[in-house]
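Open the model in your viewer and keep the selection tool ready.

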Amino acid sequence: MKTTQSISRRKFLMFSGAATALIATDLIGLGRQVFAADAAIPTLTSVTPAATFTLPALPYAQDALTPYISANTISFHYGKHHAGYVTNLNNLVKGTKYAKGTLEKIIKLTYNQFLLSSIYNNAAQTWNHTFYWNSLKPNSGDKSLVPGKLSALINAQFGHFSDATKDDKGAWTNPGLKQKLFDAAKGHFGSGWAWLVLNKQNQLEIMTTKNADSPLTKAGYVPLLVIDVWEHAYYLDYQNGRVGYLNAVLDNIINWQFAEDNLPATLKV
Ligand code: MN
């Protein structure tokens with residue numbers, strides 16, 4: 001499966017299950033190291049290496065995204081919300097056939113099945129959040145979009161990457177991919193996620209999903225990048241100001257290189 005391969009390539013190993021217990025132990029060790037001085041994140045030590053699914057380490061220190069996303073937000077979002085989904089999932093799958101599956105498999109198998117919705121929601125939220133942490137990077141934003149397959153796809157499909165010029169009514173005059181992703185994330189009603197994906201026609205798509213939903217449940221879709229638009233992602237820093245959060249993320253910490261890396265190696269552009 002493409003997603004799994006690309007994830008493995010980037011040492012994104014915590015998506016799989018018990019078979020990665022040794023790696024899980026390593027990453028938990030890393031997590032402890034990163035957060036050694038921070039007593040506010042007790043959940044890291046409560047997820048034991050024996051758990052079926054483990055909370056992956058953040059790819060950066062919890063204060064690395066300041067001032068755009070504070071260490072306080074990360075401590076709750078990662079240390080409480082993300083960790084909570086992992087703990088819930090482990091409790092829910094204990095003794096079931098899902099205890100041995102990969103997250104991707106569980107998400108696909110339990111999608112849209114009412115009696116399995118708790119497993120689905122916690123598995124999908126576990127996956128989505130790991131993907132989100134990797135969709136962010138300190139000192140990134142516009143600055144890291146370098147010529148490559150992604151920029152070629154963007155130029156072919158969207159004309160250009162970014163034009164933030166507005167008319168006298170405040171509307172974009174010639175929006176590029178960045179403005180369209182911004183608008184999609186801003187316009188999503190309620191909790192959910194704004195994604196850049198590659199569809200099965202090898203075209204870029206901007207989409208939003210509700211609650212825990214992800215493109216993994218759509219055949220042939222490859223997630224490239226995601227922005228969490230649940231209020232818990234920005235409430236401590238921006239209160240209800242999703243626009244301020246989105247501007248801060250898209251201008252300064254969105255990881256376009258991650259999106260580029262998620263394109264299938266075989267993709268011809
Ligand atoms: Mn979240």
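This is a predicted model. Start by selecting Leu196 and the residues it touches. Beyond its neighbours within four places in sequence, Leu196 contacts Leu150, Leu177, Leu204, Glu205, Ile206, Val222, Pro223, Leu224, Leu225 and Trp256. Leu196 itself belongs to strand β1, residues 192–198. Is Leu196 buried or exposed? Its relative accessibility is 1%, so Leu196 counts as buried, the cut-off being under 20%. Now set a distance between C-alpha atoms, from Leu196 to Ile206.

Next, select Asp228, in strand β3. Asp228 is buried, yet has no salt bridge. Where is the nearest side chain of opposite charge? It belongs to Arg242, 8.2 Å away. Show His129 as well: its side chain makes a polar contact of 3.2 Å with that of Asp228. Then display the other surroundings. Leaving aside neighbours within four places in sequence, the contacts of Asp228 include His77, Tyr132, Gly192, Trp193, Ala233 and Tyr245.

Last stop: helix α10, residues 242–253. Check its length from end to end. At 1.5 Å a residue, its 12 residues should span 16 Å; the end C-alpha atoms lie 15 Å apart, which agrees. Colour the buried residues of α10: Arg242, Tyr245, Leu246, Ala248, Val249, Leu250, Asn252 and Ile253. Two of these names came up at the previous stop: Arg242 and Tyr245. What do the buried residues of α10 pack against? Select α6 (117–135), α8 (177–187), β3 (222–228), α9 (235–238) and α11 (256–262) to see their partners.

Definitions and conventions:
Residues numbered from 1 in each chain as written. Predicted model: local features only at pLDDT ≥ 70, side-chain atom pairs only at ≥ 80, totals over all residues. Heavy atoms only, no water. Helix = DSSP H or I, 4+ residues; strand = E, 2+ residues; numbered from the N terminus. Buried < 20%, exposed > 50% of the residue type's maximum accessible area, 1.4 Å probe, protein only. Contact = heavy atoms within 4.5 Å. Expected span 1.5 Å × (residues − 1). Lys, Arg positive; Asp, Glu negative; His and termini not counted. Salt bridge = Lys/Arg side-chain N within 4 Å of Asp/Glu carboxyl O. Polar contact = N/O pair within 3.5 Å; in protein donor to acceptor, adjacent residues only side chain to side chain.
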